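This report covers a predicted model. Please look at the sequence and the structure below before reading on.

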Amino acid sequence: MKIDKNTINKIARLSRIKLDDKESEDYIKDLNSILDWVEQLNEVNTENVEPLSNISSSILPKREDVSNDTNSSEEILENAPDKLEGFFAVPKVVE
Amino acid sequence: MNNLIKGEKHDWEMVIGLEIHAQVKSNSKLFSSSSTKFGSSPNSQVSLVDAAMPGMLPVINKYCVEQAVKTGVGLNAKINNYSVFDRKNYFYADLPQGYQISQYKYPIVGEGKVTIDFKDGTSKDIRIVRLHLEQDAGKSLHDQNPSKTYVDLNRSGVALMEIVSEPDIRTPDEAGMYISKIRSILMYLDTCDGNMQEGSLRADVNISVRKPGDEYGTRCEIKNLNSIKFIKQAINYEAKRQIEILESGGSIEQNTMLFNTSTGKTRPMRNKEEAHDYRYFPDPDLLPLEISKVEIGKIKSSIPELPDELKNKFIETYKLSNYDASVLTAEKKTSDYFNETINSDPELKNYAKIVVNWITSELFSLLNKNNQDLNNSPVSPENLGQLIKLISTNEISGKIAKDVLEDMFSSGKTARQIVDEKGLQQVTDQGEIAKVIDEVIAENPKMVEQYLAGKDKLLGFFVGQAMKLTKGKANPKMLNDILKQKLNKKN
């Protein structure tokens, strides 16, 4: 797999990152070299091997269904650039 | 039943599949301990996990997992011992993580099916593809300010079960019946409160049209419908829209649509350029979810009687029709009420059909008229049972019973009290009825002549007159019999 200009633009848009031409070129180079390196793994024969989804042998810890009734709205909203009557206020997201 | 829509050139068939989002009825959220209560002040039920503060880690709610398994069993579905949580990535103001924790390749519940029952006694299976667990998003308010959107994260992180159907649905009515059936199962299981108004249960509808027998057409998805009425409206509108495009030679673009509840129209939500690319990948913060056979067995054994089982039991025990039984079992409160009524007197089981009618038509219409719910009906099952007993023993007529029920509803008195107080007992004394009939015949000689000359319809007139004289209390069957006898004797 090769990363080209179109791919890098798509990834940038999905990530909401603005890249100028110089940055795009740099990322294309970087990402391709990472991919090349990872692709070495293709040399290993993985026939009849189950995909490994996790290296931990522990099991998923679970909690009981107990709610804590703490109201942290002040802390939650503390870093919000804009807020109103307990709501986050953001630029309008529908036309 | 004809499921086709007439077109200009040929008939069209709708192909519909539903994705139902059902909030798990739990105290706390799927991955945090915040409360799930509805209607609290904005952002008051948001933990640092729900707000996606750096370094916060999700810990799964055991109860929510059990409810998903329970629901899977209720949908006759395969429960997967192994499932995986994935991140579904997209940017939106009410999704602070920038991704939704969901399940993609390995859902907790696999293929199942539910049955819907038609009025004509037939039924149909709708296949379920899967059920998976995921987080709900926060809520955005767009209409409060011309340049701002307000965001409340109270709902963010509440556990959702997404139930995906195969495209087995062919009409808006079937879609409505399917979601009602799912709602009914969820409420019997008590895994979701089924409240569509508050958004605890909502659906995305996938719809395409085709010439019957053809391959599936290109589909559009209508997002976030929270009432059965809107689901039907949206399907009807969208099918018409697609047929119009196809018949004028155009083609359908696969699109996500929004339904405007005030205009009844659908419109595209996002344009094609921003087509979804969710970049699903396993969430590194969560280990795979494994459930042992023993745990599944334990949950299975805790499952209460479900609507279909109960329906079959009602059909068998009380010889009810498939339709009557499915109306009774559609909601747990209705089947509970029926059970309590019919068990309030050993005789009543012989009058099951009458019990059904009195609950589903008379009592329901009174409740509706007074804006009340069966759960706190002013007429208790025992009292309704007593009323039906009075009808079945011919002590009062069905017509008078309707007035008695209304009286019971408003006064809270028992049927017995009202009947005794007002002297409503049916007149079943042959002599007394005969006397009244003689009176009516004597008073209307012309009518009698006409009747005897062949105007049979006049029988109703005589019955009416006699009923009037007895204040509606004469036993209708006896009245009819004696009247006919006496009139024919005149011949």
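**Contact between chains A and B**

In this predicted model, 32 residues of chain A are in contact with 36 residues of chain B. On the chain A side, the elements that contribute two or more residues are β1 (62-63), α3 (73-78) and β3 (87-91) of chain A. β3(A) provides the largest share of that side, with 5 residues. Sorted by class, the side of chain A that touches chain B comprises 15 nonpolar, 10 polar and 7 charged residues.

β3(A) also pairs with a strand of the other chain: β3(A) and β9 of chain B (residues 148-152) are joined in the antiparallel sense over 4 bridges. Within this pairing, F88(A) stands opposite V151(B), a residue of β9(B).

**A sheet in chain B**

Chain B contains an open sheet of 3 strands in the order β5-β4-β15, with antiparallel pairing. Its edge strands are β5 (99-102) and β15 (281-282) of chain B, each of which pairs on one side only. Strand β4 of chain B (residues 86-89) runs antiparallel to β5(B), and 4 bridges join these two strands. Here K88(B) stands opposite Q100(B), which lies in β5(B).

**Strand pairs**

The table lists the two pairs with their bridges.

| Strand pair | Sense | Bridges |
|---|---|---|
| β3(A) and β9(B) | antiparallel | 4 bridges |
| β4(B) and β5(B) | antiparallel | 4 bridges |

Conventions:
Residues numbered from 1 in each chain as written. Chains lettered and ligands numbered in written order. Predicted model: local features only at pLDDT ≥ 70, side-chain atom pairs only at ≥ 80, totals over all residues. Contact = placed C-beta atoms within 7 Å. Nonpolar A, V, L, I, M, F, W, Y, C, P; charged D, E, K, R; others polar. Pairing = 2+ DSSP bridges.
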